[in-house]
Structure formats: structure tokens, C-alpha cells
Amino acid sequence: MRIDVITLFPEMFDSPLSYSILKRARERNIVEIALSNIRDFTTDSYKKVDDKPYGGGPGMVMMPGPVFDCFEHVREQHPEKGRVILLTPQGRKFDQALAKELSGEKRLILIAGRYEGFDERIRTGLDAEQVSIGDYVISGGELAAMVIIDAVTRLLAGALGDEDSAADDSFSNGLLEYPQYTRPEIFRDMKVPEILLSGDHAKIAEWRKQQSLERTKKHRPDLL
Ligand code: 6GU
């Protein structure tokens, strides 16, 4: 998969993309991530990317010109047209089902906004889908883009080692994950459930299913 990110702060992505599963997936060419800086597509000597809102009001609004020019340049960098996603708190809420859907695409183009918002013509003129990562406000689309990149990449074939498995993750079957234990068998008087030491794999699977259900009922009844 190829993922392009259009942003004013490409450096924000360096660290999250350089560790663990994302690092390994990039090294193995399971995902290719290309960062493009909107500021490189300004045409004035101040490299201006935002301006005051027409009609007045607080804050600044991202100008359409540099975003459109950056987008049109980025789109030509790869033969697949890609699915275009604008990160905004006003979008469709991101969840595991959408992550799975996006993991089937050959290319994603993620556009991260800053400031008080986008000029409305970015929204309407680019014909992008709008996606939010939840009902709260963060200072820009960059962290949201990283969340999407991480959630999608871990679903790509070969991204997880044999030791990790996406199949048992919370939400993968619509439920929260069951409790896990490792050594020692007794830690500060807290014992590992007997059944996990029994070697009876059918019973263990049944217990885990039950635990998943109980946990979901208790903490996230909305998922049931
Ligand atoms: Cl995509 N952007 C911002 N600024 N805030 C958010 C968001 C996105 N999703 C949830 N909150």
C-alpha cells in the first residue's frame, strides 16, 4: 500500500513511523509512506498558508491554493488514484471496520488540516471523504492521520510477526480482548487463572470467549 500525507508538519510523523510495527512494515515494503509539505506549494515570498476568515471571527483559515497545488502534485506521484481522506472533527468516525475497509485499498491520500479549519472549497472541491478519530478536538489532523496509518498498516498482510496476531485484538471480532497473563504464575498474591495452566485448549478458548463477552458487557455495552 502507498499512503501519501499532505500536511504542514511532515516532521511530526518521523518518530511514530520509526518504531515497532510501522518501522518494520516500511522496511519490508508492505507500506510506503510519502509526506508532502503544503508550504512547499505556496507562491508568495512569506510562504503563507492561512488567512483571516471572510466575515470576521477568531483564528485563521487554511487557504485553498497551496492545498490544491500540493494535492495535484501528490496525486501524480503514483499510478493509483487512491482514496482521498480529509482529517476533520466533522467527519465520519474512524473505527476498526473503517480501518479494515481502508486496508484493502492500494493507495490512501490523507490530508491533515491545522488552524481553525479549511476553506470550505478544500472540502467541496477535492471531493474527499471526511474522517474524524473521535468526539473531541485535537490541534490538527496530523495525530489523526498517524492513528489511521497505524490502525490500517497493522492489518496489511505480513505487517505483524507470527508472534503478534490481529485476529485476537479488541474489536476484531466486535468484542474487547480477553485477559492475558504471563509469568510468574503468582505475582504479589495474584494468581493466574487455573484454566490457563490446564493445557485444555478447548476449555481455554471457551473461557476466553466468555471473558471477552463479560468485559464487553461491563465496559462497552454499546458494542453488543
Ligand atoms: Cl481528524 N482533527 C482534529 N483537529 N480534531 C479531531 C479529529 C481530527 N478527529 C477528532 N478530533
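## The shell around the ligand

In this predicted model, strand E5 (83-93) gives the most to the shell around the ligand, with three residues. Strand E8 (129-132) is, along with E5, an element that supplies at least two residues of that shell. The residues that surround the ligand are Leu87, Thr88, Pro89, Val131, Ser132, Ile133, Gly134, Tyr136, Val137, Ile138, Gly140 and Ala144. Sorted by class, the shell is made up of eight nonpolar and four polar residues, with no charged residue among them.

## Contacts with the backbone

For isoleucine 133, a backbone N or O atom lies 3.0 Å from a nitrogen atom of the ligand. The ligand taken alone exposes 290 Å², and the protein buries 95% of that area.

## The pocket that holds the ligand

Which pocket corresponds to the space taken by the ligand? That space is the largest pocket, and its volume is about 320 Å³. The pocket is lined by 22 residues, of which Leu87, Thr88, Pro89, Ile138 and Gly140 are the closest to its centre. Two or more lining residues come from each of E5, strand E7 (117-118), E8 and helix H5 (141-153).

With four residues, E5 provides the largest share of the lining, and this strand is also the element that gives the most to the shell around the ligand.

## Two details of the backbone

Most residues other than glycine have a negative phi, and most peptide bonds are trans. With that background, two places in the chain deserve a careful look.

Aspartate 127 is not a glycine, and yet its phi is positive, at about 55°. This aspartate is found in the loop between helix H4 (120-125) and E8, and E8 is one of the strands that supply residues to the shell around the ligand.

Which form does the peptide bond from arginine 183 to proline 184 take, cis or trans? The bond is cis, with an omega near 5°. Proline 184 lies in the loop that runs between H5 and strand E9 (186-187), and H5 is among the elements that give two or more residues to the lining of the largest pocket.

Key:
Residues are numbered from 1 along each chain as its sequence is written. This is a predicted model: local features need pLDDT of at least 70, side-chain atom pairs count only at pLDDT 80 or more; totals for chains, interfaces and linings use all residues. Side-chain values use heavy atoms; hydrogens and water are left out. A residue is near a molecule or strand if one of its heavy atoms lies within 4 Å of it. A polar contact is a pair of N or O atoms within 3.5 Å; within protein, one must be able to donate a hydrogen and the other to accept it, and residues adjacent in sequence count only if both atoms are side-chain atoms. Accessible areas come from the Shrake-Rupley method with a 1.4 Å probe; for residues, only the protein chains shown count as cover. On a 1 Å grid over the protein atoms alone, a cavity is a set of points where a 1.4 Å probe fits but cannot get out, and a pocket is an open set with protein on both sides within 12 Å along at least five of seven lines; lining residues have an atom within 4 Å of a point. A molecule sits in a cavity or pocket if more than half of its atoms lie within 2 Å of its grid points. Ala, Val, Leu, Ile, Met, Phe, Trp, Tyr, Cys and Pro count as nonpolar, Asp, Glu, Lys and Arg as charged, and the others, Gly among them, as polar. Grid points are joined across faces, edges and corners, and a volume is the space filled by probe spheres set on the points.
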